[in-house]
Amino acid sequence: MAMAVTIRRATHDDLDDLLDLREAVASEGVWIGAQVPLDREGDRARHLDTIERQADGTSCVCLVAEIDGALVGSLAMHAPIGIAHLGMNVADGHRGQGIGAALVAAGIEWAREAGVHKVELEHWPWNHRARALYERFGFVEEGYRRRQYRRKDGSLWDSVVMGLVLDEDAPGHEERAAEPPI
């Protein structure tokens, strides 16, 4: 039987649970860029800043997913120039149950309301489930970053860049692109 997922904005009371979730997902070593040991105080300061700044409604948001009062997922978006970068965590044991989809849907809704014209993200090439989720929402691959991120063990990991354009109506550069070269 499916459990009800509640999506809401994070509050100060969620800080420890957000940090615990990030650390748990990072400790798996395959889903997110963060690696253990985390800089927990630095992460706390960044999360706190996001939670406090989300009050303006336009520059960032931190959403949490709860099941029976337990935090099982989070999504953060930062949009300082109208392009929102999306980062998400879903707890092990709760993936594949619609939590990521609920978070992404709520994040896109926030982005539209905030006047964001594009949402971007990165994922590891082997994270096929995440890619399929993002594609369901209309994200497309915009690039492949070869050997982009150095890991603590010295290895270099590739990443896939995806984007979702929310504003297709504003004029673009097409006229300029058609101009002859100088």
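Predicted model: local features only at pLDDT ≥ 70, side-chain atom pairs only at ≥ 80, totals over all residues.

Student: How many bridges join strand 3 to strand 4?

Tutor: Six bridges join strand 3 (residues 70–78) to strand 4 (residues 83–90), and the two run antiparallel. Within this pairing, Ala-76 stands opposite Gly-87. Strands 3 and 4 also form a hairpin, with four residues between them; Gly-82 in its turn has a positive phi of about 90 degrees.

Student: What makes the crossover from strand 4 to strand 5 right-handed?

Tutor: Strand 4 and strand 5 (residues 118–123) run parallel and are joined by three bridges. From strand 4 the chain passes through helix 3 (residues 99–113) to strand 5. A crossover is right-handed if, with the strands pointing away from the viewer, the path from the first strand over the helix to the second runs clockwise. This β-α-β crossover is right-handed, so its path runs clockwise in that view. Between these strands, Ile-83 has Lys-118 as its bridge partner, and His-85 stands opposite Glu-120.

Student: Why are strand 1 and strand 6 placed at the edges of the sheet?

Tutor: The sheet is open, with seven strands in the order 1-2-3-4-5-7-6 and mixed pairing. Strand 1 (6–9) and strand 6 (140–150) each have a single partner strand, so one side of each is without a neighbour in the sheet.

Student: Which residues touch the most other members of the largest nonpolar core?

Tutor: A nonpolar core is a set of buried Ala, Val, Leu, Ile, Met, Phe, Trp, Tyr and Cys residues joined through side-chain atoms within 4.5 Å. The largest has 31 residues, of which Met-77, Met-88, Trp-110, Val-116, Val-119, Tyr-134 and Phe-139 touch the most other members. Helix 3 gives the most to this core, with seven residues. A second, separate core of 14 residues includes Val-25, Ala-26, Cys-62 and Leu-71.

Student: Why is the pair of Trp-124 and Trp-157 called edge-to-face?

Tutor: Rings of Phe, Tyr and Trp (its six-membered ring) pair if their centres lie within 6.5 Å; planes under 30 degrees apart count as stacked, over 60 as edge-to-face and the rest as tilted. The centres of Trp-124 and Trp-157 are 4.9 Å apart and their planes make 85 degrees, so the rings pair and the pair is edge-to-face. Trp-124 lies in the loop between strand 5 and helix 4 and Trp-157 in strand 7, 33 residues apart.

Student: What makes Trp-124 buried but Trp-126 partly exposed?

Tutor: Buried means under 20% relative accessible area, exposed over 50%, and partly exposed in between (1.4 Å probe, protein chains only). Trp-124, at 5%, is therefore buried, and Trp-157, at 17%, is likewise buried. Trp-126 has 36% and therefore counts as partly exposed. Ring pairs link Trp-124, Trp-126, Tyr-149 and Trp-157 into a cluster.

Student: Is Asp-68 buried or exposed?

Tutor: Asp-68 has 68% relative accessibility and so counts as exposed. This residue lies in the loop between strand 2 and strand 3, and its phi is near 50 degrees, a positive value in a residue other than glycine. Arg-147 also has a positive phi, near 55 degrees; at 46% relative accessibility, Arg-147 counts as partly exposed.

Key: Residues numbered from 1 in each chain as written. Heavy atoms only, no water. Pairing = 2+ DSSP bridges.
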